[in-house]
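I opened this notebook to record what I looked up in one structure. The entries follow in the order in which I made them.

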Amino acid sequence: FCYRTMDGIIMMLPAPLQKLSTHHDYPGQRKAERIFQVILVVSGIIGFGVGFQTQQLSHAIFTVLGGAVLSALIVLPPWPCFRRHPINWQPVQEKTECGAAEEMKEEMKEKKEAKKEKKEEKREKKEDKKEEKKPEKKKAKKAE
């Protein structure tokens with residue numbers, strides 16, 4: 001729902017503004033989150049100091065709110081520093097009638113068969129080891 005709403009809002013903008021990017025990439029999101037946290041903590045510390053100095057709680061609250069507004073202005077717009085690592089999407093593949101589904105089924109069958117073969121090989125190895133150990137045990141008992 002939000003995606004459609006955002007597209008509608010973007011379509012209401014003038015044509016030059018519609019071309020602007022409206023997203024942050026993942027490293028940009030991490031960077032924006034860190035900047036947001038640092039600004040809020042610093043404004044909280046400054047707000048506490050101002051409020052303590054003036055003995056007015058409202059001064060402390062307004063200082064923290066000012067920090068929140070400042071951080072919103074810095075972090076919320078998609079500045080170029082938050083879009084340096086664009087996501088490269090895979091190209092769209094042509095759909096064929098059941099072709100992709102059949103290929104996936106074949107791949108799954110091949111994977112299952114490979115797993116079965118590996119399990120059988122492991123069982124055979126275990127059985128071989130057991131058979132090798134049995135005669136050794138009998139020889140050891142006879143020697144005693």
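I first noted that helices (H or I, at least four residues) and strands (E, at least two) are DSSP runs, numbered from the N terminus. The model is predicted, so I noted that local features need pLDDT of at least 70 and side-chain atom pairs pLDDT 80 or more, while totals for chains, interfaces and linings use all residues. Residues are numbered from 1 along each chain as its sequence is written, and side-chain values use heavy atoms, without hydrogens and water.

Entry on His-24. I located His-24 in the loop that runs between helix H2 (15-18) and helix H3 (26-54). His-24 counts as buried because its relative accessibility is 18% (buried is under 20% relative accessible area, exposed over 50%, partly exposed in between, with a 1.4 Å probe and protein chains only). I found a polar atom of the His-24 side chain 3.2 Å from the backbone oxygen of Pro-77.

Entry on H3 and H4. I looked up how H3 meets helix H4 (residues 57-75): their axes come within 7 Å and cross at roughly 160 degrees. Axes are lines fitted to C-alpha atoms, for helices over the stretch in contact (heavy atoms within 4.5 Å), and angles run from 0 to 180 degrees between N-to-C directions. H3 and H4 are therefore roughly antiparallel (angles over 145 degrees; under 35 is roughly parallel, 65 to 115 roughly perpendicular, the rest oblique). Among the residues that make the contact, I listed Ile-39 and Ser-43 of H3 and Gly-67 and Ile-74 of H4.

Entry on Phe-62. I placed Phe-62 in helix H4, and it counts as exposed because its relative accessibility is 58%.

Definitions and conventions: Polar contact = N/O pair within 3.5 Å; in protein donor to acceptor, adjacent residues only side chain to side chain.
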